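Keep the sequence and the model in view as you read.

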Amino acid sequence: MKSDIWKVKQDGDGIMPALHLSYQYLNENMKQCFAFCSMFPKDYRFNKATLVQMWMAEGFIEDKNTKMENVGSEYFLEFVNRSFFQEFEYDGFVMHDLIHDLAEMISADETYRIENNRQTKMLSTIRHLRVKEGKLPLEFSGYEKLRTLLLRKNSPPDSLFENLRSIRVLDVNGCGLPELSEHIGKLIHLRYLDLSYNSEIKILPDSLCDLYNLQTLKVKGCSALESIPQGLVKLVNLRYIYANVDFWVMIKDVRRLTNLQELPTFSVQEEDELKLGQLKDLTQLHETLYIQNLENVVDSKEAKRPELKNKVHLKELKLEWNHEKDAKLEEEGWDDVLPFIGQRLHLIKLRMYSMPALKQLSHEFEGKCFPKLEVLQLTNLPALEEWSWTEGKDLFPCMRELRVSSCPKLKRLPPFPPSLEILTIEDCPKLMLNSKTEDDEEGGCHLPPPLKVLKLSYCGRYAKLLPDCLHNLRLVTQLAINDCPYITSISLVQLVELQCLCISNCDELIRMECLGLLKSLWELKIVRCSKLVQLDVGDEQAGSLSSLRKLCVGSTALLTMFPLRNSLPFITELVIESCSEEVIFEEAILVRDLIAVTYLSFSDCKKLQSLPTELLQSLPSLQTLVIDCCPQIQSLPEKGLPLRLEFLFISGCPQIQAMPDEGLPMSLNIFHCFGDVHPTLMEQSKRMGDNPRIANSASHPRPPPSILSNRIGWYIKENSLRWQDRIIYLKELVLEWNQEKDTKLEWEVIEELQYLYISNCDELRNMECLRHLKSLKELTIVGCPKLVRLDVEDKQAGGLSSLRKLCVDNTALLKMSPLRHSLPFITELVIESCSEEVIFEEAILVRSLTAVTSLTFSDCKKLQSLPTELLHSLPFLEKLMMFDCPQIKSLPEKGLPPSLRTLRISCCPQIQSLPEKGLPPFLRSLCISGCPQIQAIPKEGLPKSLSSFDCSDDVHPTLKEQSKKFTADRIVFDN
């Protein structure tokens, strides 16, 4: 270890020299590739394919005997093996901070980043420049020598394109370019061009066709693009085009792009430049090929012309016909072509859609043609009648997933391979059991035991095999049975792994057995099963489904049957769908036991006359209410809606004319009407806006709907503080926009008050006798800058023992009596419109808030960081929400509390990333919006407990893609 690198002046631990020594053992090309990574900031989520394409464009990969992508992948794998990159979930990678420091140190003379509008003088030796925020440095004299330029947010001046004479990588993704400069054609060394998400670009200039060295072109999200230059196919070095479907349709004579590695979609047309034969010479295609409009293929000769058998790198093939047009090639032709496609084509996935002419899949359509096929999907094949196979031969021996849907004439399916894990059969009403199966007393064609997902819907007599096969399916986690009239009973005794069960439209189903044994069941749906009278043994000792959270039923009578009757306290999402009852939830036991419901929906209940008022008033945690297609309901409950309701959606209810007299709850965030609703209600919904809380803020001087009532509440606004005798009966009081001088409030006469909201009372200074409100459950005080006293200072006064929800804009209020003594009772705490930079530094506050389960920070414009000590002193915290806190730059280094179940972050643009230590292990719901700098989920991935991961469009593309993939991976059982 005599290397001079140990003399490098770095940290006292000697870590950096050790890392540098590891770097020295890389070959020269790999050293360039590694140093290039300093272009990106710390914690950046690297996409392997994108980085390799940039390395290729820079000329860092040189090997005449091996494909460039393969060499780049080997380099990347070597970096991973050396721990320079750490693998991240969903095909992402992250570089450790120390490794990133090494890359920056090595490339300091050639690489420069401008972030947060901060920059220093740039060296003339800089060759790679990234500008995240701020303008391009006009004083920099080295643009002509730049090889890499990555811009974000700011549109570059047109003159820049004339100066970038040596540029190889140009990324102007999302820069708001109004058009692409004609000078782009002068960048003759350009190999990588990213124009994605510049939504104003309408035309790509003809000069683009002069970029003969171009390898990668990205134009996804250029939604206004109307035309492309026809000479684009002259760019024979193009290997990758990332674009929307409309872009690919505009490319004619694609056969000339012989180096293309990916062709996501190809639409067959009658023109010579768009015929199927255009694919013949594209032998380098990898991954997925999607061929559309195959109805335009005229004969089997043309069908064989693309020579798909020679495209040995393809992994997935999608074939689609337009069922609205007559196919020119008859079924006999395609029956001959499909085996021909499979020969030597090592496909992993094959999907066929809307093929109107195909009547038969011959015995040649089997494993010897597709030896590696894992996924087969046949959808909307209206003429398909027969699927032949050779007895004794394995049908697709590697198959894991089979989906057959909308094949109304198909009579038989071949035996399932033993490797099958996912099976979906839908809309195949003519299906029958194989003759061999019908003569076999043991059921013959058993469903394979490895099945994990099974969905049967409208599949004729084929569903008959299910009851006899269920005992073998011990690994099934998701089971859906729809429209299967031949099933009369279902025994679930062996399905110990089942998590999601959906049964619908089974008219003859009478009983289910052993439902109470499904201890892993998380979601259950039973609708339109009119004869079902038993779910399990009718015994109070049947136990309960303690894991059940989502429940959808078509009859509330099911809720009184065991084991559902014992499981009601665990339900958080309840849906009443296709209910034929006129009145529901009259049984007191149902109303009493549904205590955990946060989401309630009434859908397609045609005869329902009214909403169950007693149920609505007894759901203390209800946040979302959906009323959809319930045409007989004439009004919302007279007693008002639940006081903690946050989201209200109404559609298809034309008789509900207006909101209740009591108005809408102050907690409501969104009230949305759509579809067939009464015009008055629709107008009220629009007037409220998408966010009533925002609409009622000081910047929008329209008060919220009045909740004036003798019994429930009283709304006081403007300069009116006229107390009347009737206020002794008040349960709810809203005081807003009061400007009276030296205002003070006295509460002795309204001891029954439960909900008190005070906002925007600029002159309010004193509140006397607040301690008398012993029934107070919810208190909001915001926008009262002169308020200095809530009650007399009396250490013996005690607290408000009924108080559960507290919302304030100034944490100083928490130190005033009686709130100071009430903190141990608070379960929901909201800090809203706070002007403080640092909060909860006082130990007494942190120590006293022991019962909080929900914590929200909203519209805190100056708040610099979350109160870490507070977060980690809340042992029962389950929900953490942050809205519109623009100065918060990071989440706590110590991580988030392990008890957390829900995390929502919205409009916090400075937050760079989610906690490095990972997300809480029991997190169930994650929602992120308006946080463009959070690039991806933590390197540890998502917790297994997560059931919901939602991202809006205004987040980083990588994070959005991860959210979409998470959602796609969760199979949802709908009708």
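A salt bridge is a side-chain nitrogen of Lys or Arg within 4 Å of a carboxyl oxygen of Asp or Glu. The model is predicted: local features need pLDDT of at least 70, side-chain atom pairs count only at pLDDT 80 or more, and totals for chains, interfaces and linings use all residues. Residues are numbered from 1 along each chain as its sequence is written, and side-chain values use heavy atoms, with hydrogens and water left out.

**Salt bridges**

The structure holds 29 salt bridges. Three of them are listed here.

| Pair | N to O distance |
|---|---|
| Glu-78 and Arg-82 | 2.8 Å |
| Arg-511 and Glu-513 | 3.1 Å |
| Glu-828 and Lys-805 | 3.5 Å |

How covered are these residues? Buried means under 20% relative accessible area, exposed over 50%, and partly exposed in between (1.4 Å probe, protein chains only). Glu-78 is partly exposed at 28%. In the next pair, Arg-511 has a relative accessible area of 35%, and Glu-513 has 28%. Glu-828 and Lys-805, by contrast, are both buried.

The bridge between Glu-828 and Lys-805 spans 3.5 Å. Glu-828 lies in strand S39 (residues 828-832) and Lys-805 in strand S38 (residues 805-808), so the pair ties together parts 23 residues apart in sequence. Strands (E, at least two residues) and helices (H or I, at least four) are DSSP runs, numbered from the N terminus. Glu-828 and Lys-805 also belong to a salt-bridge network with Arg-644 and Glu-778.

**Helix H3**

Among the buried ones are Leu-51, Trp-55 and Glu-58. At the start of H3, a side-chain oxygen of Asn-47 comes to within 3.1 Å of the backbone nitrogen of Ala-49. What follows H3? Gly-59 does, with a positive phi near 85°.

**A positive patch**

Which residues form a positive surface patch? Lys-409, Lys-411, Arg-412 and Lys-430 do. Patch residues have over 30% relative accessible area and no salt bridge, and like charges are joined within 9 Å. Lys and Arg count as positive. The place of a charge is taken as NZ of Lys or CZ of Arg. Areas come from the Shrake-Rupley method with a 1.4 Å probe. Lys-409 sits in the loop between strand S18 (401-405) and strand S19 (422-426). Lys-409 is partly exposed, at 41% relative accessible area.

Methods. A polar contact is a pair of N or O atoms within 3.5 Å; within protein, one must be able to donate a hydrogen and the other to accept it, and residues adjacent in sequence count only if both atoms are side-chain atoms. Patches are made of residues with over 30% relative accessible area and no salt bridge: like charges are joined within 9 Å, nonpolar side chains (Val, Leu, Ile, Met, Phe, Trp, Tyr) within 5 Å.
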